[in-house]
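Thanks for coming. I will go through one structure today, part by part.

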Amino acid sequence: MDLEEALTQIRDELVPTQSVETIPVASALGRVLAESVRAPVDLPPFPASAMDGYALALPEDGNVDSKFYTVIGESLAGHPYESNNPVQIGECVRVFTGGVCPAGTNQVIPQEEVDRLEAGTVSFQAHIPTESFVRPVGHDISAGALLLERGCRLDAFAVGSLAAAGQTSCTVYAKITVGVFSTGDELVDATVKPEDLQPGQIYDSNRITVLNLLSTEPCNLLDLGRLPDDAQSTTNALRTAAAECDFLITSGGVSVGDADFVTAAIAELGELSFWKLNLKPGKPLAFGRIGACVLFGLPGNPVSTIVTLLLVAKPALRHVCGVQKEEKSVITTATLNGRLAHTPGRAEYQRGSARWDGNRLVVSSTGDQASNRLSSFRNSNCLIHLPKDAHDLPDASVVEVLLFEGILS
Ligand code: AMP
Ligand code: MG
């Protein structure tokens, strides 16, 4: 199955969470909005000065002439000029950025353009202003306009917009609970000293990597420890975990080897789709359900675990968390530095290191891409996509890259 097909099937099958909660805007970062929000007021709610200067009523011909204007008052941000009478031609009000432009005014002359300032009057060089320097009511957003859409992830900008619109609380999807297991008798914790490692033992790295890669997702993460390679223990543990979690992620134990118990346990307890993805790394992948709990059994090789997590399980998790628009992932093109061997048949995602060379983004492979080599991620900042049908890619080919971090993270 191709990656796109798998993602479509996941979206079709997985129902986003329906439970919502109302939380303070101040703690909404990263959460998913469960109700669209419309602006309750115009922003700005009054015509506001964009400059420090003098607000005046520009005559019909649009000319500021060099006569003296009487300064009849001042309007500071938060301290408007109060009067029942609109400002007349020949009068002006001293205004500061963000201050209300008083009734009758339609033009702010920046203070840099003051020619003479004498005893309550001010004059400017005669000119026709090129802009009004008045921010009209609703210039940023008008009352009733859609501010944020249901299903959007609340990033710092979105939270800022809620604050700008005077919102103190917002309705978001409740956090789902996500449990993470690793599996394998060969795995030990880092509490075992290197000199005490028994033959065949390795340290468990997948669990902490998966937990960290999901740490900014809008969910509660549970570290559920390690499962032994044993059918009964695996079945028992998954049954218990599925009752407590909305979403489970395991790594290892999903190949077709004798010691692969995750797939068998899911099949016994619920429904299982076992996929041979047309994806390198990460061919075998289990996707299923135990009761209402969604389960992803990722392959155990660390690189395969990470790539399938990023490309398959994480988008699925976001979908279940209520995210409707996939976030702007940074996918771009880069010029390949060196040649990459590839046999048509499977889409491949190699670890790459992208850097700017003048105005060109150039990407190099991080070397040996074997799926056990977590070190292929060292110094990597992207995945290089080798399309399914591609043959060897010669030096200087244009390739698609998925950048790990954008400007904000
Ligand atoms: P499996 O899919 O269980 O056959 O595992 C495939 C390979 O990944 C084996 O070499 C495992 O030792 C390794 N592996 C599985 N789980 C982990 C883990 N949590 N941390 C590090 N390596 C792992
Ligand atoms: Mg295993």
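The C-alpha centres of domain 3 and domain 4 lie 58 Å apart. This is a predicted model, so keep that in mind for every value I give, because each one is computed from it. The domain assignment has four entries: domain 1 takes residues 3-16 and 174-320, domain 2 takes 23-41 and 144-173, domain 3 is 48-135, and domain 4 is 331-408. Note that domain 1 and domain 2 are each written as two segments.

Now helix α5, residues 262-269. Which of its residues are buried? They are Val262, Thr263, Ala265 and Ile266. These residues lie on the same side of α5, because they span an arc of only 165° around the axis. What lies over the buried residues of α5 includes the strands β13, β17, β18, β20 and β21, along with helix α4.

Helix α4 is where we find Leu238. Is Leu238 buried or exposed? Its relative accessibility is 0%, so Leu238 counts as buried. For a sense of scale, the C-alpha atoms of Leu238 and Ala50 are separated by 61 Å, and the two residues are 188 apart along the chain.

Next, the aromatic rings. A pair of aromatic rings is described by the distance of the centres and the angle of the planes. In this model the count is 6 aromatic pairs. Take Phe247 and Phe296: their ring centres are 5.7 Å apart and their planes are at 20°, so this pair is stacked. The cut-off behind that word is that planes under 30 degrees apart count as stacked. Phe247 is in strand β17 and Phe296 is in strand β21, 49 residues apart, so the pair links distant parts of the chain. Both of these residues are buried. Together with Trp275 and Phe287, Phe247 and Phe296 form one aromatic cluster. There is also a charge over a ring: the charged end of Arg351 sits over the ring of Phe377, 5.5 Å from its centre.

On to the cysteines. How many disulfides does a search of the whole structure find? It finds 0. Cys92 is in no disulfide, and the nearest cysteine sulfur, that of Cys101, is 12 Å away. With a relative accessibility of 0%, Cys92 counts as buried. Cys152 is in no disulfide either, and its nearest cysteine sulfur belongs to Cys170, 9.4 Å away. Cys152 has a relative accessibility of 18% and therefore still counts as buried, since the limit is under 20%.

Now the backbone. Most residues other than glycine have a negative phi, and most peptide bonds are trans. Here are some exceptions. Leu43 and Pro44 are joined by a cis peptide bond with omega about -10°, and Pro44 lies in the loop between β2 and β3. Lys280 and Pro281 are joined by a cis peptide bond as well, with omega about 0°. Pro281 lies in the loop between β19 and β20.

For phi, look at two alanines. Ala119 has a positive phi of about 30° although it is not a glycine. Where is Ala119? It is in the loop between β8 and β9, and at 84% relative accessibility Ala119 counts as exposed. Ala396 has a positive phi too, near 75°. Ala396 lies in the loop between β25 and β26, and with a relative accessible area of 47% it is partly exposed.

Glu82 is in the loop between β5 and β6, and its relative accessibility of 67% makes it exposed. Glu82 and Val100 are 18 residues apart in sequence, and their C-alpha atoms are 10.0 Å apart in space.

That is the end of my part.

Conventions: Residues numbered from 1 in each chain as written. Chains lettered and ligands numbered in written order. Predicted model: local features only at pLDDT ≥ 70, side-chain atom pairs only at ≥ 80, totals over all residues. Heavy atoms only, no water. Domains from an automatic or database assignment. Phe/Tyr/Trp six-rings, centres within 6.5 Å; stacked < 30°, edge-to-face > 60°. Helix = DSSP H or I, 4+ residues; strand = E, 2+ residues; numbered from the N terminus. Buried < 20%, exposed > 50% of the residue type's maximum accessible area, 1.4 Å probe, protein only. Lys NZ or Arg CZ within 6 Å of the ring centre and 35° of its normal. Arc of directions from axis to C-beta. Contact = heavy atoms within 4.5 Å. Disulfide = S-S within 2.5 Å.
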